[in-house]
Every structure is written in structure tokens, then in C-alpha cells.
Amino acid sequence: MRQLGSFPGGLVLDGQKSRSTQQPIRSVPLSKVLTLPLQQHIGAAAVPIVKVGDKVLKGQQIAKAEGHVSVCLHAPSSGHITAIDERPIPHPSGLSALCITIETDGKEQWTELTPIEDYKNSSDHELRQLIRDAGIVGLGGAGFPSFIKLNPSVHHHVDTLILNGVECEPYISCDDMLMRERAQGILDGIAIMRQATKANRCIIAIEDNKPIAINAMQTSLSTHTENGKIDIIVVPTRYPAGSEKQLIEVITNKQVPNGGLPIDIGIVMHNVGTAYAIARAINYGEPLISRIVTITGNEVKNAGNLEVLFGTPIKDCLTFCETQWQIANPIIQGGPMMGYPLANADLPITKTANCILVGVEQAAPAEQAMPCIRCGDCATACPVSLLPQQLYWHAKAKDLDKAVDYNLFDCIECGCCNYVCPSEIPLVQYFKFAKTETMNQQQERQKSDAARVRHDNRQTRQEMEKQEKALRQQQRKAALAASQTAKQAEEDKT
Amino acid sequence: MFTAIIAITFLALVFGLLLGFASIRFKVEGDPIVEQIDKLLPQTQCGQCSFAGCRPYAQAIAEGEVDINRCPPGGEATIQALANLLEVEVKPLDDECGVEQPKTLAVIDEERCIGCTLCIQACPVDAILGAAKQMHTVIADECTGCDLCLPPCPVDCIDMVEIPASTANWRWPDPDQPNLGNLGQLEAEQVKQP
């Protein structure tokens with residue numbers, strides 16, 4: 001067994017996962033109305049290709065990718081398009097964005113699917129195009145279009161493909177259940193990913209608090225065609241081991257360079273859920289129209305993992321799980337460390353929704369933050385070796401340049417510093433604020449530089465026009481004077 | 001005594017030549033402080049500071065003729081940046097010049113536009129496109145929101161609209177300025193654990 005690496009800091013948290021792993025993955029009854037935001041991924045929003053009133057079939061493409069960093073969107077069930085308009089979306093801002101609304105007819109009638117008989121006969125480019133057309137994004141939570149991460153480009157070579165089944169944040173168990181129940185599908189997906197990236201070796205990383213999932217994966221692998229080409233590595237349970245850069249450190253002992261990407265050191269990482277989605281897309285022709293979502297928390301009586309069609313209102317999932325929820329007790333999307341509260345339960349489940357928490361004590365609002373006592377616990381807990389305390393001072397003073405000098409942009413917003421802070425200072429909140437503020441200032445600077453250039457150009461042009469006008473006037477005057485003298489001379493002669 | 005005089009004269013000559021050479025070789029074009037000040041100004045070119053654009057105002061600041069608090073589009077942030085650069089006290093915005101407002105964008109009501117080209121001539125950054133007797137339109141990405149196109153329009157067909165909030169331009173709120181209506185603020189407290 002190879003020696004595992006480690007990352008600095010981190011926390012050992014109470015997993016709280018047993019609550020949601022008691023039952024197998026269940027399906028939610030079909031909802032009457034599905035609301036599909038056009039942007040469920042990082043990049044440009046998809047563009048609708050259907051009109052209000054159109055009849056759509058399950059799996060039919062309803063919006064096409066716009067630009068490179070974008071993916072398509074598909075109808076999760078058959079029915080009619082009832083609206084294409086701005087609706088509230090699950091986002092920390094609580095803002096609205098363009099959504100396609102489908103009224104389902106309950107027939108679940110599939111569109112014609114075109115599975116690939118043998119993916120081994122397809123080129124890596126074809127596979128990526130199919131993955132893009134299937135609307136697949138990273139299902140770990142960030143939602144980055146997967147086909148881009150499967151394209152190492154000409155400058156890079158993929159040495160290691162890592163499948164992330166760590167799922168380090170408490171309460172969340174969707175990847176755990178997927179590995180327990182659908183190990184075969186995940187391995188099929190990994191085989192396709194290996195072909196698309198041409199990776200030398202492949203590793204599946206699972207945290208040691210998921211013995212059943214580890215066992216299921218190992219059993220499946222032993223009879224799979226990929227046996228011998230994939231290693232399953234069990235990593236110690238420590239938050240945030242499931243974060244991309246931290247997991248790379250644990251597995252390879254290498255660090256992703258500052259401002260760089262894993263591909264810079266020959267590594268590509270995907271979530272196990274994404275691998276499963278890719279297997280469905282290639283081998284069965286099914287686009288990404290549903291995902292596994294963990295519904296858990298103290299207020300959820302019948303907690304567990306659900307296979308949910310995108311666009312399903314969160315309240316339908318909560319009702320299905322017999323949840324008691326009130327306005328005062330916010331619903332959180334994501335885990336207790338990195339999640340954000342949703343405005344209400346009418347919002348839809350999207351591609352990035354891995355977990356819905358209701359009534360989690362840890363997530364209760366804290367008392368007023370107390371002054372920083374400079375204990376330094378945050379620096380000890382930070383998995384990226386930052387100095388959260390220094391960053392906090394600079395962010396608070398809005399001295400953004402200083403904060404950037406202290407590597408603000410290396411912060412992964414994992415929330416470890418928040419968790420350990422004895423003064424309960426919302427440190428990550430300050431860092432998020434400072435990050436978006438810095439990016440905004442840079443944009444404004446670029447815009448003002450462009451405006452200056454345009455203004456200068458305009459002035460130069462006006463100056464030139466003025467000179468030309470003066471020159472023309474002078475010439476006209478000279479010509480007039482010349483003709484007058486000529487006339488005078490003629491008159492004198494006569 | 002004589003050697004000392006010669007030595008000093010010689011040194012003076014050498015350094016004089018050196019300085020003379022340096023002043024020609026490393027000559028600075030223009031006044032760098034004006035450039036620096038101009039860089040901090042928002043380049044709206046709106047003239048609310050009573051100068052004909054950002055650069056003339058930067059020039060005047062550099063010469064110490066005016067205060068640093070005469071730029072409403074830049075607002076508090078610009079005053080702060082200028083104060084840091086020039087090492088002077090921060091002052092509140094001069095209300096004589098106007099008040100700090102959210103950034104806006106000019107939008108031409110194309111139904112009403114008669115194609116007079118007056119706004120095109122007024123735009124300091126060439127952000128309006130059109131020709132005589134043809135309807136005009138604003139290039140949204142280039143508009144600085146200076147309001148200068150409003151007065152010349154004979155049919156009042158230009159509106160200044162606030163840039164709508166979207167998930168693309170949304171920013172995390174400042175935790176020091178509690179905003180009860182904002183979900184982002186709630187979140188900070190919610191990820192906290194006992």
C-alpha cells in the first residue's frame with residue numbers, strides 16, 4: 001500500500017450520516033410542475049429551444065448550450081411547456097433567473113434514445129460531445145461542465161484520474177448510497193472517463209467512515225472488466241478531505257500550484273455521481289434529468305436519499321420524507337459547513353443540489369459575534385495554511401489589496417475557521433465578501449480603462465477634425481484671395 | 001588646499017554630468033502623479049466635478065487647485081483611494097457636485113427617437129450608435145452612465161435605468177452592514193456550529 005499524504009489543519013466532525021442511510025434510494029412521486037433554471041452549472045446559461053405551449057417528451061432537449069463553458073438542458077418528464085420566464089432560483093442571493101416551466105402529463109413518455117453500442121469504438125472527442133449533449137455537470141456540488149474536465153487539451157497529459165467518493169461534509173450521504181447501490185454503473189462510467197482522458201491510472205477515493213460503500217465498490221470491481229486498472233483508496237475521515245485540492249494532497253502528496261488547476265500536475269478529478277451519469281448517458285443514451293439528493297435533519301422524520309427529477313419543488317421532497325418545517329427554521333441546500341439557506345421550499349431541485357437540510361442544530365443562527373482574541377485557532381484549522389485572522393482584519397477594514405496579498409483567493413470557503421472560532425466570528429462570510437468585492441473592483445477598473453481609451457480616442461479624433469476644418473478654411477481663404485488679386489489685376493489692366 | 005579644491009571641483013563636474021545625462025536619458029514624459037490620479041477616477045467623463053472630464057480633474061487635483069471630494073460617480077471608494085495616494089485626509093463628498101448613486105445605464109426608447117444625432121455628439125465615450133434620421137441605440141457595455149446624453153435629446157427619449165441585480169453581478173454582502181433582508185447574511189451565522 002502506498003503512503004498517503006495529508007493536508008494541514010482540517011477537522012474531525014461528527015458525520016451524522018446514519019440518519020439518511022437507513023433506507024435504500026427512493027424515487028419521489030412525479031410533481032405536477034417542474035421548474036428548470038436555464039443556468040444550473042458554472043458558465044453561460046443555456047438558451048431555450050422550445051416555446052410556451054410546446055409538448056415535450058422525457059429526455060428531450062429543451063435548451064442548448066451557449067458558448068464553450070455551458071451544457072444543454074433536458075425535459076425531466078413528458079408534458080407541456082407552460083412558461084419561460086424569471087422565477088426564484090436556489091442561489092445564496094435569493095434572486096430570480098430565467099426558467100423553463102413544464103406541466104407534466106404523468107405519462108413519463110421517453111423521447112427516442114440513442115445509446116452507444118460500444119463506447120470503445122468512439123473517439124475521445126465524440127465521447128466528450130455526447131457527455132456535453134447529455135447536459136452532464138459535476139454532481140459534487142459546484143456544477144462545472146464535465147466535458148471540459150475530460151479534455152486535457154494538447155498541452156497536458158492526464159497521469160491520474162481520481163474519482164471523488166469522499167463526501168466529507170456531515171449529513172450528506174448521496175454519494176455513499178450511490179456507491180452502495182450502483183457500484184456497477186459508477187465503474188462503467190469510470191471506464192468511459194478513462195477512455196476520454198487517456199489517463200495512466202485511476203483511483204477511487206472513499207473516506208473510511210463508509211465501510212459498506214467501500215465493500216460494494218470492491219466487490220463490483222473484482223468482477224468488472226476494469227479490474228486491475230482501478231485502485232480503491234480508503235482515506236482517513238477528516239473534513240475537508242473531499243475538497244479537490246485537499247484530496248489530491250492526501251492521495252498524491254502533491255500540491256496544486258497557486259492559481260493553477262489539478263491538470264497542471266497531471267490530475268483530473270470527478271465525482272462518483274458524475275461517473276454514474278456518464279455511464280447512463282453513453283450506455284443508455286439517457287441525458288442528465290435526475291440526481292440523488294439527501295433529505296435529512298432533525299425535522300425530517302423519514303430521512304433518506306431520493307432520486308429526484310430536476311425541477312421538482314423541494315417541498316414535494318420534504319413532504320415525501322414527512323418533514324416538519326416552518327418559515328423560522330430555514331431550509332439549507334448543501335451541508336452544514338458550506339451550504340446556504342434557501343428563501344423557501346418552493347424552489348426547485350437543480351443539478352447542484354446534493355443535500356437539503358431541515359432543522360440542523362449546527363446550522364442555528366449564532367449569537368452576536370464577539371471580538372477576535374487572536375487565539376490563532378483558525379490558522380491551525382485552515383486546510384490551506386492561510387492566516388484567517390489576518391485576512392479577517394484586512395477584509396473588515398476593506399483593505400482588499402492586503403487581503404489578496406495574504407492569498408485570499410486560495411481560500412476554499414470550507415468553514416473550518418468559522419467552526420473553531422471561539423468568538424463565533426463569521427470569518428468565511430468576510431472572505432466571500434472580500435472575494436466578490438475584489439473581483440468587482442477589477443471588473444470596474446477594466447471598464448474604466450476601456451472608457452478612458454474611448455474618451456481619449458474621441459478627443460484625438462475631434463482635435464483632428466478641428467485641424468482639418470481649419471486647414472480647409474485657410475485653403476478657401478487663400479483661393480479667394482488669389483482670385484480677388486487676379487480680378488484686381490485684370491481690372492487694373494483694363 | 002589646492003588638491004581639495006581640485007578634488008571637489010572634479011567630483012562636482014562628474015556628478016553634474018551624471019545628473020545632466022540622467023535628466024535626458026530618464027526623462028519622464030508628463031506628470032506621473034496626474035496619470036496615477038486619473039487611474040483612480042471612474043472615467044465616467046460626466047463633468048460633475050465642474051471639469052471637462054476625468055483627466056482635467058486629475059490635473060487640477062495634482063496641481064492642488066481642487067479638493068479630492070468632487071467625484072460623485074466614484075463616491076466614497078474613490079475619495080478613499082485618492083486620500084491614500086496623496087496622503088491627505090478623507091473628506092465627505094461635496095454635495096455641490098451631486099450625490100453618490102448606483103450605477104445606471106442609458107437606454108434609448110427606439111420608438112420615440114427621431115435620429116437627430118445630438119446624443120451621439122454628447123457622448124464622451126462614443127457609446128451611442130446611429131446615423132441622421134436613423135434610430136440610435138446605446139452600446140450597453142460601453143455606457144458609463146454619465147447622463148450627458150439626456151439634456152441634448154429634443155424628444156426626451158433617453159432613460160437612465162439602474163443595472164438590474166442578477167446572479168451574475170450579485171456580490172456577497174458586507175457582514176459588518178447587517179441587512180436583515182439578505183440571505184447571505186443569514187448564512188454566515190448558519191454555518192456556525194456550537
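Two residues are in contact if their C-beta atoms, placed from the backbone, lie within 7 Å. With that cut-off, take the contacts in chain A that have a separation of 6 or more: 72% of them join residues 24 or more positions apart. The model is a predicted one.

Start with the overall form of chain A. Its secondary structure comes to 13 helices and 17 strands. The radius of gyration of chain A is 29 Å, whereas the globule rule gives 23 Å for 494 residues. That value is well over the rule, so chain A is more spread out than a compact globule. Along the principal axes, the C-alpha trace of chain A spans about 120 × 65 × 50 Å. Of the 494 residues in chain A, 48% are buried.

Now turn to a sheet in chain A. Six strands make up this open sheet, and their pairing is mixed. The order is E1-E14-E13-E17-E15-E16. Strand E1 (26-27) and strand E16 (340-342) of chain A stand at the edges. Each has a single partner strand, so one side of each is left without a neighbour in the sheet. Strands of a sheet pair through backbone hydrogen bonds, either parallel or antiparallel. Strand E15 (residues 331-333) and strand E17 (residues 355-358) of chain A are paired in the antiparallel sense, over three bridges. In E17(A), A:Leu357 is the bridge partner of A:Ile332.

A helix lies across this part of chain A.

Next comes helix H1 (residues 124-133) of chain A. Its buried residues are A:Leu127, A:Leu130, A:Ile131 and A:Arg132. What do the buried residues of H1(A) pack against? Their partners are three elements of chain A: helix H2 (146-149), helix H4 (183-197) and helix H7 (272-283). Just after H1(A), A:Gly135 takes a positive phi of about 70 degrees.

Domain 1 covers 32-86 of chain B, and domain 2 covers 102-170. The C-alpha centres of domain 1 and domain 2 of chain B lie 24 Å apart. How many residues of each domain of chain B are in contact with the other? Five residues of domain 1 are in contact with seven residues of domain 2. On the side of domain 1 of chain B that touches domain 2, the residues divide into one nonpolar, four polar and no charged.

Definitions and conventions: Residues numbered from 1 in each chain as written. Chains lettered and ligands numbered in written order. Predicted model: local features only at pLDDT ≥ 70, side-chain atom pairs only at ≥ 80, totals over all residues. Domains from an automatic or database assignment. Nonpolar A, V, L, I, M, F, W, Y, C, P; charged D, E, K, R; others polar. Buried ≥ 20, exposed ≤ 12 C-beta atoms within 10 Å, placed from the backbone. Helix = DSSP H or I, 4+ residues; strand = E, 2+ residues; numbered from the N terminus. Rg over C-alpha atoms; globule rule 2.2 N^0.38 Å. Pairing = 2+ DSSP bridges.
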